[in-house]
Amino acid sequence: SDIHEAALSNSQYLAQKDLKEMQEKRLLRLIGHAQNTSPFYAEYLRGVHSLDDFHRLAPVRKEDMRRAFDDRRLINRDLSGFAIPQFTSGSTGVPFHFFMDKNMLARRRSMYRRLLSWTGKTEGDIVVLLMPREHPGLETENSLFACGSPQDIENLRDELYRSLEGRSVILQSRMSQLRRLAQLLEEEGKHFNFKAIISYTEELLPDTRRYLERVFQAPVFNYYACNELGPIAQECEFHDGLHVNSEWAYVEIVNQDNKHVSGEEAGDVVVTAFENEVMPFVKYKLGDRGRWIDGPCRCGSTLPRLKIEGREDHAFLLSNGKIGYFAELMWPVVQRINKILQYQIIRRSMADFAIKLKPASDFNGEDKEFIIERFDEYLGRGVNVSFEIVDKIEPTPGGKELAFINLAPGK
């Protein structure tokens with residue numbers, strides 16, 4: 001890890017041409033490896049001999065990977081002794097099983113330490129992770145409090161408070177769990193010494209970030225990662241986009257014709273991870289929408305920056321023919337976030353939306369009317385918006401709290 005960390009401290013400042021050359025060499029090496037060791041990729045990458053050939057390929061979807069995994073066509077059997085079984089349920093709750101490569105753990109740990117160093121971590125700080133389980137290779141990097149939902153935060157808060165007392169803390173968790181902890185701290189008048197907050201796996205909206213920073217009295221760093229691929233990108237101290245870990249992954253943003261977008265145009269995020277030779281992820285479509293941020297960052301790093309603009313199913317057709325976006329629709333809910341314990345919006349059709357909400361004690365009728373009126377304004381005439389107070393919103397089997405469910409994508 002020390003060797004990797006030293007290399008990363010230099011590579012984050014490489015000239016653009018050197019960074020590009022390094023990525024292209026790693027990408028071509030991985031393509032050759034996947035062609036020779038995986039039946040699935042032997043077929044998918046047939047005829048790919050150059051980067052131009054590679055860029056013409058349509059992305060691989062999770063459904064493609066799942067079928068290939070079930071058919072035993074993905075794995076490099078010569079490296080089966082290095083395989084670490086993993087799974088993710090994703091937003092659909094349908095399990096996706098995959099293997100990590102033991103040889104990738106040291107570099108993954110170094111990538112994680114890069115994130116921590118960018119938050120300002122020093123030797124005296126502790127890192128507390130609020131998640132269902134630890135990630136392989138990172139077991140020594142933090143203290144895990146196993147929890148899979150905002151309700152779990154309530155149940156373990158006394159134990160958590162004792163561990164935070166008198167310590168300088170970097171806290172990492174999903175946005176929904178961070179939000180619930182912030183609400184509890186406000187309600188109970190608790191104060192701890194948080195140095196930084198790391199939010200990941202769930203969309204972090206600007207107003208939610210401001211709320212978290214106000215309560216925790218610490219900067220919030222957005223971290224873009226997933227179980228399958230590991231650390232893709234993270235924010236630096238200036239919070240102006242996510243720096244891609246170009247030493248770890250090759251990121252593309254493509255349009256509906258699978259061509260690279262230009263400038264700051266939005267498109268689908270597609271990632272190739274360099275390190276997993278047991279079960280490669282090549283040109284893997286994550287289901288996120290993003291865009292590149294042009295120009296240098298004030299931090300001095302030359303690593304490219306991107307902005308994630310939500311899931312591809314978080315855009316939807318409005319009754320007036322225009323495109324609506326979940327991030328805009330949710331504005332009135334976020335404006336009342338300190339009074340809301342959990343929420344979920346379900347789009348059943350263009351003309352039928354449901355709001356499910358678990359309120360805090362100070363949520364009142366005016367707050368409800370404010371949310372419904374703003375939803376009506378945004379969605380337009382002829383749209384039915386139902387409102388339901390609930391005791392609990394069930395997470396997915398993987399523990400994620402889905403704030404938006406679009407039952408009619410593309411309609």
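In this predicted model, strand β12 pairs with strand β13 (residues 305–311) through six bridges, and the two run antiparallel. As for β12 itself, the strand spans residues 284–293 and is mostly covered, with eight of its 10 residues buried.

β12 turns up again at the second largest pocket, as one of the elements that give two or more residues to the lining. This pocket holds about 670 Å³ of space. Its lining counts 27 residues, and those nearest the centre are Gln-16, Gln-23, Val-251, Trp-292 and Pro-304. Besides β12, the elements with two or more lining residues are α2 (16–37), α4 (51–55), β9 (242–244) and β10 (249–254). Helix α2 makes the largest contribution, handing five residues to the lining.

Then there is the surface. Leu-317, Ile-323, Tyr-325 and Met-350 together make a nonpolar patch there, about 320 Å² in area. Is Met-350 buried, exposed or something in between? With a relative accessible area of 30%, Met-350 counts as partly exposed, because that label covers what falls between buried, under 20%, and exposed, over 50%.

Notes:
Residues are numbered from 1 along each chain as its sequence is written. This is a predicted model: local features need pLDDT of at least 70, side-chain atom pairs count only at pLDDT 80 or more; totals for chains, interfaces and linings use all residues. Side-chain values use heavy atoms; hydrogens and water are left out. Patches are made of residues with over 30% relative accessible area and no salt bridge: like charges are joined within 9 Å, nonpolar side chains (Val, Leu, Ile, Met, Phe, Trp, Tyr) within 5 Å. Accessible areas come from the Shrake-Rupley method with a 1.4 Å probe; for residues, only the protein chains shown count as cover. A salt bridge is a side-chain nitrogen of Lys or Arg within 4 Å of a carboxyl oxygen of Asp or Glu. Buried means under 20% relative accessible area, exposed over 50%, partly exposed in between (1.4 Å probe, protein chains only). Helices (H or I, at least four residues) and strands (E, at least two) are DSSP runs, numbered from the N terminus. Two strands pair if DSSP finds at least two bridges between them. On a 1 Å grid over the protein atoms alone, a cavity is a set of points where a 1.4 Å probe fits but cannot get out, and a pocket is an open set with protein on both sides within 12 Å along at least five of seven lines; lining residues have an atom within 4 Å of a point. Grid points are joined across faces, edges and corners, and a volume is the space filled by probe spheres set on the points.
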